[in-house]
Amino acid sequence: MIFNSVPFLVFILVFVPIYFTLKGRYRLLFCLLSSYFFYSWWDYRFLVLILFSTTLDFTVARALERSQEGGRRKKLLLLSILVNLGILACFKYFNFFMDSTLELLNYLGFHANYQLLQIILPVGISFYTFQSMSYTVDVYRRRLAAEKDFVTYATYISFFPQLLAGPIVRASDMLHQLRTDKRFDLYNFQAGLSIVLVGLFKKVVIADSLAVFVDAAFAYPENYPPLYLLLGVIFYSFQIYCDFSGYSDIAIGLARMLGFKFPLNFRMPYFSKSFSEFWERWHITLSRWLRDYLYIPLGGNRGGQFKTYRNLMLTMLLGGLWHGASWTFVFWGFLHGTYLILQRVVEWARAALGIRLPRLLNAVLSIALVYSLTCLAWVFFRSPDFATASLVLSKIASISDLSFSALPNKFIIAKGVALIALLLVVEYISLRVNLSKIMLRYPAFRLAAYASIIWFIALFGSFTNSQFIYFQF
Amino acid sequence: MLSRALRPYRQSLVQTKGVNQRGAKARFVRSSMLVLLLLVPVTFIGDRLLGAGLEWLLLESNFRYSRLYGGTAQADVVVLGNSRGHAFYEPEMEKLSGRTIFNLSYNALPISVGRALVEDYLDRYTPSVLVVDVSMLTKTEEQITNSFKAYESLSPRLDKLIERSSEETSTASQIFSLYRFNSEVFHRALYYLAKTDDDWILDKQISATMARNSRDLDRVSFRITKDRMRDLRHIIEVAERKGVTVNLVMGPYYPGYLKKISNLDQFLATIETATGYEVEDYSGLIRQDAMFSDYLHLNKDGSSIFLAELYEDEVF
């Protein structure tokens with residue numbers, strides 16, 4: 001069941017009144033069963049996986065809390081991590097590893113053969129596995145008490161607003177919220193509704209409109225002129241941003257309507273002045289997860305420059321692999337790792353040489369540079385293989401035939417440019433003014449905003465390409 | 001029972017956590033109730049008003065279908081086709097024949113929509129010749145049918161067709177008037193608000209890579225369906241009843257692509273049997289790369305050669 005669909009509208013219209021009418025344990029149980037129903041709308045068979053992962057980590061965490069013996073605790077933690085990563089490896093990476101191994105063997109002259117398995121990737125597996133793993137790690141580190149109630153824990157793992165594509169909510173942020181009954185609160189409800197509408201706008205109006213153009217550009221790059229492909233890359237940068245941040249907004253808004261607070265997942269990432277800032281603004285919950293459960297345990301920035309660079313690169317490579325079982329994703333991670341390392345080198349060199357640019361010029365140049373290099377990395381993220389990525393980049397680099405009049409799909413281009421401009425203007429304004437506060441303070445503004453978003457969705461929404469990109473991760 | 005069920009909502013009226021002071025809370029609750037109550041009427045009234053404004057803009061446009069429904073599309077010769085129908089370049093046809101031309105062609109236009117458009121045209125105007133490029137019978141794109149929803153209030157035929165093609169689109173258009181204008185057809189109408197659309201033709205040459213790749217193309221087979229044949233037959237019957245001469249033609253294909261079409265003769269024979277009309281086959285008329293913009297479409301130069309041939313053969 002996806003958020004921008006009629007079945008989900010029916011689901012939420014039935015869910016909300018029953019949810020607020022029930023109390024205590026009944027409410028929690030209803031929430032859990034509804035979340036399982038929501039998931040099984042896609043494929044009920046994979047509920048077994050969620051249940052297995054939930055039961056395992058719930059049991060391991062309880063055992064971890066009871067145990068005082070260091071060796072046993074380590075073994076328990078290892079069990080949880082290995083099983084969770086094992087599930088992920090099995091469903092998400094098995095064919096990738098087999099395929100890569102075969103290619104390597106063939107390259108070395110050993111002619112091996114193997115029939116790849118038809119494995120379905122369970123939706124949301126990367127998200128709920130990470131949530132579940134971070135919970136056992138936190139209990140192991142004694143930063144969090146193990147949850148005693150299975151229903152509360154199971155609801156945390158499978159809570160429908162964030163089950164399929166995040167945000168990755170930490171147990172420490174969520175379990176205490178689940179333990180207390182949430183009363184229907186008009187303020188939260190309206191704040192949530194505003195966030196949901198903005199998310200829908202980003203997804204249905206901007207991301208899906210841009211998708212038409214982007215899909216064509218990356219499917220047949222050989223047929224399009226360089227300017228078309230350049231626009232395709234720029235449009236993709238906004239498509240993926242609006243698609244994923246739109247999903248996150250809807251999830252955060254739905255949770256808010258029900259009385260829960262989810263962490264922010266995006267904060268205008270294309271206004272970043274450095275790559276470290278970009279990762280503090282893009283998919284924030286994943287960045288923080290990788291920082292806390294991978295980068296810091298690897299040693300973080302302790303232990304000298306070389307080790308810091310190594311840790312940065314390893315974190316970004318694994319972050320890339322998390323997105324999908326393909327070398328193009330790994331390369332995307334490699335590029336971002338390189339950017340982060342180069343940024344540190346440049347910062348060091350600038351400080352050593354005392355180079356200083358005027359503030360405004362520095363900001364504009366930094367934003368433009370970060371955005372351009374991010375777009376370069378997106379080419380590998382979006383392309384099905386390296387051949388497509390290199391074709392797209394080499395055609396763009398040829399800088400021939402830059403006439404706009406020769407471009408096909410001018411209507412889609414005009415619509416895309418207008419929507420991106422609108423997004424940037426609204427984001428720039430909200431950098432300076434808290435729009436959501438104004439919206440909640442002035443009822444007329446609120447009413448106008450709600451109605452305008454609905455009109456925009458009716459007039460410009462694209463309803464043919466409705467799947468969210470991050471579902472595949 | 002009901003009272004108990006509603007208790008949490010009643011309590012919420014004085015428990016808005018985000019608002020601190022008591023007076024402010026009450027004001028927020030009142031304004032929120034007002035916003036939520038007014039949202040539905042404001043949304044729908046605004047939708048209808050904006051929809052009426054956009055419909056006015058639609059009829060002000062010089063786009064072909066706006067002219068058709070706006071009453072300014074009288075011509076001697078009317079042309080119907082898909083994107084290949086743009087090769088019937090109106091200024092060139094008018095120059096050759098001295099007659100007025102009106103082109104109903106649209107990219108990937110399904111014959112079912114073509115049927116509604118021709119019938120609507122013949123209800124309103126009196127042309128003497130109708131030229132149909134039969135390649136529009138080779139495929140149907142439901143999306144294009146739905147794209148014509150901008151004109152559904154002006155044509156009961158289109159309205160019925162869209163309802164048959166997609167119940168969801170039809171229902172959504174009834175609920176939201178603005179949704180009718182969420183289509184490429186409407187965007188084109190806006191584009192032609194201040195300019196004419198009779199110069200709609202591709203003006204580029206097929207790329208060397210594309211030309212070379214034609215050797216590796218897969219075989220193409222045209223699907224022949226009873227529905228599409230029935231629609232074409234109906235167009236011819238209506239035109240005959242109104243005393244309009246009908247000419248069926250098959251426009252030129254890029255030679256490399258033409259070779260890959262496995263059932264062209266069978267396709268044309270089926271049309272001829274179904275309609276009793278001969279199809280003038282120009283599919284192999286042009287052989288130079290420079291006359292094509294891609295495998296399916298002639299460019300402006302190619303169109304001139306094609307139209308000269310058609311004129312000589314008295315197709316228009």
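Predicted model: local features only at pLDDT ≥ 70, side-chain atom pairs only at ≥ 80, totals over all residues.
A few ground rules come first: local features are kept at pLDDT of at least 70 and side-chain atom pairs at pLDDT 80 or more, while totals for chains, interfaces and linings use all residues. Residues are numbered from 1 along each chain as its sequence is written, chains are lettered from A and ligands numbered from 1 in the order in which they are written, and side-chain values rest on heavy atoms, with hydrogens and water left out.

Chain A splits into domain 1 (6–94 + 115–183) and domain 2 (188–472), with bounds that come from an automatic or database domain assignment. Their C-alpha centres sit 27 Å apart. Domain 1 of chain A puts 34 residues into the contact and domain 2 of chain A puts in 32, contact being heavy atoms within 4.5 Å. About 2800 Å² is buried between these two domains, 70% of it from carbon and sulfur atoms; buried area here is the accessible area (1.4 Å probe) that two parts lose on being put together, summed over both.

On the charged side, the two domains of chain A share one salt bridge, a term that asks for a side-chain nitrogen of Lys or Arg within 4 Å of a carboxyl oxygen of Asp or Glu. A:Arg170 pairs in this way with A:Asp292, the closest N and O atoms being 2.9 Å apart. Over all chains, the structure holds 24 salt bridges. One of them joins A:Asp215 to A:Arg382, at 2.9 Å from N to O. That pair ties together distant parts of the chain, 167 residues apart: A:Asp215 belongs to helix 9 (residues 186–219) of chain A and A:Arg382 to helix 15 (residues 359–382) of chain A. Helices (H or I, at least four residues) and strands (E, at least two) are DSSP runs, numbered from the N terminus.

Turning to chain B, the unreviewed UniProt entry annotates residues 34–59 as a transmembrane region; such positions follow the numbering used here, feature names are shortened, and annotations may be inferred rather than shown by experiment. In the model this span is 100% helix and 0% strand, with its end C-alpha atoms 37 Å apart.

Chain B also carries an open sheet of five strands, ordered 2-1-3-4-5 with parallel pairing, where two strands pair if DSSP finds at least two bridges between them. Strand 2 (101–103) and strand 5 (279–281) of chain B form the edges, each pairing on one side only. Further in, strand 1 (residues 77–80) and strand 3 (residues 129–133) of chain B run parallel and are joined by four bridges, with B:Val77 partnered by B:Val129.

As for the chain interface, 35 residues of chain B contact 28 residues of chain A. The buried area between them is about 3000 Å², with 70% from carbon and sulfur atoms, and the salt-bridge count between chain B and chain A is zero.
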